[in-house]
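Trainee: I would like to go through a model feature by feature. Please give the general idea each time, then the case at hand.

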Amino acid sequence: MEKQRLLRLLVLGSLLLGGCATFMHAESMPGATPNLPELPKLNQEQSIRDDIARSEEAIALSARDMAEIATQCADCATMLSEVADDAQTRLTVSGGMWEPWEGQQSGQFLPHPADVGEAPTTPKGLVGYMMGSAVAQLNDIVTYGSPDASTLSSLLAGRIASALTLAKLYDVDVNEAVENLPKEALATSVSPTEISQSGVEANEMHRAQSDVEDSIGEKALFEYDCLTTALGRSSLVRQHSDIETTLRMSLIERSQKLVEAVQSDSRSIRCMPSTSDSGEFMTQLVGTDLTLIESPDSRLRSLAREFLIDDVRTWNRVGEVPKVTPGMTEG
């Protein structure tokens, strides 16, 4: 860690020296102005992905620092190390932070993105940051859409699961932790003014794809109905009867919401339950949420966000949630 800090200082020094030399040379030539490149602009997809990566980097750094000083609580140190490792894995899966000048000489005077912000280093603060940033970034995905919506949303679901597990260990009220965070801590770099035009164009294109909207919505409707049927055979009935009742009502309610949003229902048969294992059941449920969040219709994406957050919370109550990509299956 110290080595990285020293390296950053050395690079910063070389950049500053390079900048001074450029300005001195420019000032020595009458009428000349420094020829400095501008920082490339990210599109909305890239901005969302970079925000996710930067948050994971901040979480990993804070959790690791907290683990090092948790000398009086072995369980706490272990959990915080796992939080840091999971965040680092999600950072890698996301593609990593944006490096606009990768491969170019570090001594060249170039503008750089802002430094990674700092996540809080208290249990309550870190839980609030993890949950709040995940919800804020899910909101960006819902608002602007993304070709990789399901993958990115699954990473954010993993962050939510990690936050809930950490909150359970430290007995933190998650909602209160989020409310107590400064608003600037959850600000994202996705600017509505910068991408409003592309957003309007995208929405027009989405409206022209009503057949795609209907197929995604109807598929999710079929899956939720199937899971409602499967719930009767699931081990959730035996192990968590109170949660099973709540979940059943939730599935019925979300099917009604989807029927209203899709405005068509061509289902002719109901599916047969494929599993009774509660872990597999929850994986299929969250997987359906992630399929729905790929919809070009922002109404369906908004419902998917609501379902996803609720389902990760439920999963956290009945079993262990994968902290990296819950609901994503290989192949």
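**Surface, fold and pocket**

Mentor: The chain has an accessible surface of about 17600 Å², and 53% of this belongs to carbon and sulfur atoms. Such areas come from the Shrake-Rupley method with a 1.4 Å probe; for residues, only the protein chains shown count as cover. This is a predicted model, in which local features need pLDDT of at least 70 and side-chain atom pairs count only at pLDDT 80 or more, while totals for chains, interfaces and linings use all residues. Residues are numbered from 1 along each chain as its sequence is written, and side-chain values use heavy atoms, with hydrogens and water left out.

Trainee: What does the secondary structure of the chain come to?

Mentor: Helices (H or I, at least four residues) and strands (E, at least two) are DSSP runs, numbered from the N terminus. Here there are twelve helices and zero strands.

Trainee: How many of the contacts between residues at least 6 apart in sequence join residues at least 24 apart?

Mentor: A contact means heavy atoms within 4.5 Å. In this chain the share is 81%.

Trainee: How much of the chain counts as buried?

Mentor: Buried means under 20% relative accessible area, exposed over 50%, and partly exposed in between, with a 1.4 Å probe and protein chains only. Of the 331 residues, 45% count as buried. Ser150, in helix H5, is buried, with a relative accessible area of 14%. Leaving aside residues up to four places away in sequence, Ser150 touches Leu290, Ile293, Glu294 and Met328.

Trainee: What is the phi of Asp171, and is Asp171 buried or exposed?

Mentor: Most residues other than glycine have a negative phi. Asp171 has a positive one, near 55°. Asp171 sits in the loop between helix H5 (149–170) and helix H6 (174–179), and counts as exposed at 70% relative accessibility.

Trainee: How much space lies in the second largest pocket, and which residues are closest to its centre?

Mentor: On a 1 Å grid over the protein atoms alone, a pocket is an open set of points where a 1.4 Å probe fits, with protein on both sides within 12 Å along at least five of seven lines; lining residues have an atom within 4 Å of a point. Grid points are joined across faces, edges and corners, and the volume is the space filled by probe spheres set on the points. The second largest pocket holds about 600 Å³. Its lining has 28 residues, and Asp50, Asp51, Arg54, Thr188 and Ser189 are the closest to the centre.

Trainee: Which element gives the most to that lining?

Mentor: Helix H2 does, with six residues.
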